[in-house]
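Please look over the sequence and the coordinates before reading on. The report below takes up packing, overall form and a few individual residues in turn.

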Amino acid sequence: MKKITIAIDGHSSCGKSTMAKDLAREIGYIYIDSGAMYRCCTLFCMRHNLVNPDGTIRADELERLMPEIHVSFQLNPEKGTPDAYLNGENVEREIRTMEVSSHVSPVAALPFVRTAMTAQQQAMGRDGGIVMDGRDIGTAVFPDAELKIFVTASDEIRAQRRYDELAAKGEHPDFNAVLANLRERDRIDSTRAVAPLRQAPDALILDNSHLTIPEQKLWLLEQFHKLTQ
């Protein structure tokens, strides 16, 4: 049976990564978190003092240093899912902080960053058999993906999910700040000049605002089996 490419796009904190990981595990595919790759680039910027006090990015310096950024994934045997590595260092926990979240959209909007990360993503998925989630997977990275899903949910529900995720890690987030950050990321992601967040014409829409995880999983498996059986 030919292995297909599955592209899952959508707004931040709508559960893309959770569903993509679960689907990949269920069908025996490789999961790739493209958003983690942009978070790694953001962490690199922060470590190299490339973020200005006003939140803008020192783009010229970052572009010069882009060849030094390599993102990879390695399976975490305890979790059963891949961790993100920046130049060989496991940074999975660091890239999920609110501080990284507050800077990732400006970094991801830079054309040369998207070009570099898209090339790395396409190399990872060259042979199919992958589930990749992000903002532009079905439109820019894998426009020929056999299965494309566009996921959304209400702002408040997505903010609550993100709040709960941060609280579970021992952080003390402010809900209104989380909601404001989410809406700002949506704005930047949807209006950037290169590969903006948008639904691919042939993508299936999944609004999971009020779906349980089992209901969501069943729906995804049905779409997969329609194409592969």
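Which residues does L62 touch, not counting residues up to four places away in sequence? The answer is given under the next heading, and it should be read with the reminder that this is a predicted model.

With residues up to four places away in sequence not counted, L62 touches F44, C45, L50, I57, I69, V107, L110, F112 and V113. L62 belongs to the largest nonpolar core, which has 28 residues, and together with I69, V113 and M117 it is among the four that touch the most other members. Two or more residues of this core are given by each of helix 2 (34–47), helix 3 (59–65), strand 4 (81–86), helix 4 (98–108) and helix 5 (111–124). Helix 2 supplies the largest share, which amounts to eight residues.

Apart from this core lies another one, made up of 20 residues, including I8, M19, L23 and Y31.

## Overall form

The protein contains nine helices and eight strands. A compact globule of 229 residues would have a radius of gyration near 17 Å, and because the protein has 17 Å, the two agree. Taken along the principal axes, the box filled by the C-alpha atoms is roughly 50 × 40 × 35 Å. Among contacts between residues at least 6 apart in sequence, 73% join residues that are at least 24 apart.

Of the 229 residues, 51% count as buried. The accessible surface comes to about 11,000 Å², and 53% of that surface belongs to carbon and sulfur atoms. As for charge, there are 27 positive and 33 negative side chains, and the centres of these two sets lie 2 Å apart.

## Residues with positive phi

Most residues other than glycine have a negative phi.

N87 is placed in the loop between strand 4 and strand 5 (89–90), and with a relative accessibility of 41%, N87 counts as partly exposed.

T118 is part of helix 5, and its relative accessible area of 13% falls under the 20% cut-off, so T118 is buried. When its neighbours within four places in sequence are left aside, T118 is in contact with Y38, A140 and V141.

V194 is located in the loop between helix 8 (175–191) and strand 8 (204–207). Its relative accessibility is 28%, and V194 therefore counts as partly exposed. Leaving aside neighbours within four places in sequence, V194 is in contact with P111 and R114. A140, which is in contact with T118, is 54 residues from V194 along the chain, and the C-alpha atoms of V194 and A140 are separated by 9.3 Å.

Note on methods: Residues numbered from 1 in each chain as written. Predicted model: local features only at pLDDT ≥ 70, side-chain atom pairs only at ≥ 80, totals over all residues. Heavy atoms only, no water. Core = buried A, V, L, I, M, F, W, Y, C linked by side-chain atoms within 4.5 Å. Buried < 20%, exposed > 50% of the residue type's maximum accessible area, 1.4 Å probe, protein only. Helix = DSSP H or I, 4+ residues; strand = E, 2+ residues; numbered from the N terminus. Contact = heavy atoms within 4.5 Å. Rg over C-alpha atoms; globule rule 2.2 N^0.38 Å. Areas by Shrake-Rupley, 256 points an atom, 1.4 Å probe, with all protein chains shown as cover. Lys, Arg positive; Asp, Glu negative; His and termini not counted. Charge placed at Lys NZ, Arg CZ, Asp CG, Glu CD.
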